[in-house]
Amino acid sequence: MTTALAVDLGSASGRVLAGTIVDDRIEVTDIHRFKHQAIRKNGSLIWDVDTMLEETIIGLRKAVELFPDSVSVSVDTWGVDFVPLDEDDERVGEARAYRDERTTRTLERFRELVDDRVFFDMSGNQPATINTANQLVAFRLEDPELAARTRRILFLPDYFAFRLSGVKGWSRTIASTSGLCEPGARRFNDEMFTRLGIERSWVGELDEDLTVVGPCTVPGLERLTVVRGGAHDSACAVHGLPIDEGVRAYFLSAGSWSVLGAIEAAPIMSDAAYEIGLTNEGRTDGGVRPLFNITGMWILQEIQRQWEREGTPTDTDELVAQARACAPCTHFFDPDDPRFAEPGEMQQKIDAALDEQGAPHPSSMPEYVRLIIESFARRYARAVDDLARISGTRPDQLNIVGGGSRNRLLCDLTARLAKVRVVAGPIEASTLGSLLAQLEILGHLNPADRPSIIAASAKTHVHTPARD
């Protein structure tokens with residue numbers, strides 16, 4: 001048997017998992033999990049990358065002890081964040097988090113250098129304060145001494161791969177989130193660096209995913225080869241989707257926030273794409289993921305937190321089951337309304353939105369849950385229509401991954417309202433995609449066999465448009 005190890009680092013937790021091919025399927029074993037979060041330090045919002053690396057190595061050592069046939073490891077994270085290094089490859093200052101307020105303070109200056117539409121045309125990404133491009137301008141303006149000491153910057157997954165192997169690189173899928181690449185992320189955009197006053201020497205050339213980084217140099221882990229199995233977590237998830245040959249699929253990652261996208265060979269750069277908020281990110285296999293962010297299940301999570309603060313315990317599965325028995329809603333709210341992006345008093349915010357329509361309030365917790373789920377499903381259906389309009393082709397199916405894939409009512413309603421077959425799962429698509437990619441890179445799995453391996457390994461549920 002052959003085992004690959006996936007390190008999946010999210011913005012609130014990290015985990016190390018092992019995947020072994022057994023009887024033409026992948027058996028996944030959860031090895032090590034740890035909590036982390038962005039923290040305040042000296043007035044800045046930062047990531048504790050030292051602890052994240054320490055916990056990663058702890059997990060990998062556990063994994064090779066349990067699975068002595070382990071051959072590889074790949075690290076994936078969220079996008080846009082980076083670590084600056086000096087001439088001795090030591091970290092310069094802290095690894096700032098994408099929600100650090102410095103980019104808001106420097107946004108006006110950024111727009112003087114590159115306005116929003118030009119930024120989209122040059123990068124294929126939507127303008128946003130969280131982009132690496134914005135962060136680097138803020139870094140240069142607000143921390144000039146640290147910027148002067150910087151010789152290289154590494155995106156987060158590339159930083160951890162470097163600490164495991166000693167090899168610096170810039171993976172295409174993670175770089176595609178930065179706003180520093182040409183549309184389609186085939187190379188960095190030198191003109192963008194010039195316009196923004198960012199040192200081009202801070203990055204090298206792009207490295208394709210599905211390639212080898214180098215042997216692991218951490219004591220006790222030398223048997224592992226560090227590979228690029230998909231540096232960006234969403235790219236990994238798309239690599240692990242159950243999609244039959246010839247099927248045109250969209251994907252929806254439905255968690256606290258949601259990402260809806262298509263699977264394309266080239267970026268979509270039309271006026272309509274810009275106006276709808278589309279951004280073009282890379283796939284592990286060299287293609288593109290045109291996608292946009294939409295509101296996710298945060299509203300449901302937040303109203304449950306409110307009820308629990310008020311003394312009423314909640315169980316999501318039970319509430320969803322009870323919501324299915326409720327009558328269909330006659331009025332809805334817009335999940336993209338900015339009021340719902342802020343925490344606190346979510347029930348009152350929903351009531352206020354209904355008051356503006358002259359609509360009655362739900363009379364029970366299950367009715368609130370039904371209203372929230374129906375409002376989400378309508379938003380997802382509208383998003384599918386928008387993406388079909390700008391891409392020119394409707395999907396044959398919508399693959400839903402993440403926590404929302406467990407919500408059967410949400411998936412049923414989305415299928416019916418969007419008039420598309422919904423395939424829910426696998427929940428852990430990013431892990432599956434990373435493991436498959438690693439085994440492909442090292443020749444232990446034929447890429448042509450990936451669909452059958454996914455079908456045998458992934459737990460999925462099909463929701464047809466006729467169901468409710």
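This text describes the surroundings of one serine and then a set of salt bridges in a predicted model.

Ser 72 lies in strand S6, which spans residues 70–77. Its relative accessible area is 0%, so Ser 72 is buried, the limit for that class being under 20%. The side chain of Ser 72 makes a polar contact with the side chain of Gln 438 at 2.7 Å. Beyond its neighbours within four places in sequence, Ser 72 is in contact with Thr 3, Ala 4 and Leu 5, with Leu 224, Thr 225 and Val 227, and with Gln 438 and Leu 442.

Charged side chains form a second theme. Side chains of opposite charge can pair when their charged atoms come close. The structure holds 37 salt bridges. One of them joins the side chains of Arg 105 and Glu 142, with an N to O distance of 2.7 Å. This pair links distant parts of the chain, since Arg 105 belongs to helix H2 (residues 102–105) and Glu 142 to helix H5 (residues 132–142), 37 residues apart. Arg 105 is exposed at 53% relative accessibility, whereas Glu 142 is partly exposed at 31%.

A salt bridge also connects the side chains of Asp 271 and Arg 117 (2.9 Å, N to O). Here too distant parts of the chain are linked: Asp 271 is in helix H11 (residues 271–276) and Arg 117 in helix H4 (residues 116–123), 154 residues apart. Asp 271 is partly exposed at 46% relative accessibility, and Arg 117 is partly exposed at 26%.

Arg 394 forms a salt bridge with Asp 385, their closest N and O atoms being 2.8 Å apart. Finally, a network of salt bridges links Lys 41, Asp 50, Arg 91 and Glu 94.

How values were computed
Residues numbered from 1 in each chain as written. Predicted model: local features only at pLDDT ≥ 70, side-chain atom pairs only at ≥ 80, totals over all residues. Heavy atoms only, no water. Helix = DSSP H or I, 4+ residues; strand = E, 2+ residues; numbered from the N terminus. Buried < 20%, exposed > 50% of the residue type's maximum accessible area, 1.4 Å probe, protein only. Polar contact = N/O pair within 3.5 Å; in protein donor to acceptor, adjacent residues only side chain to side chain. Contact = heavy atoms within 4.5 Å. Salt bridge = Lys/Arg side-chain N within 4 Å of Asp/Glu carboxyl O.
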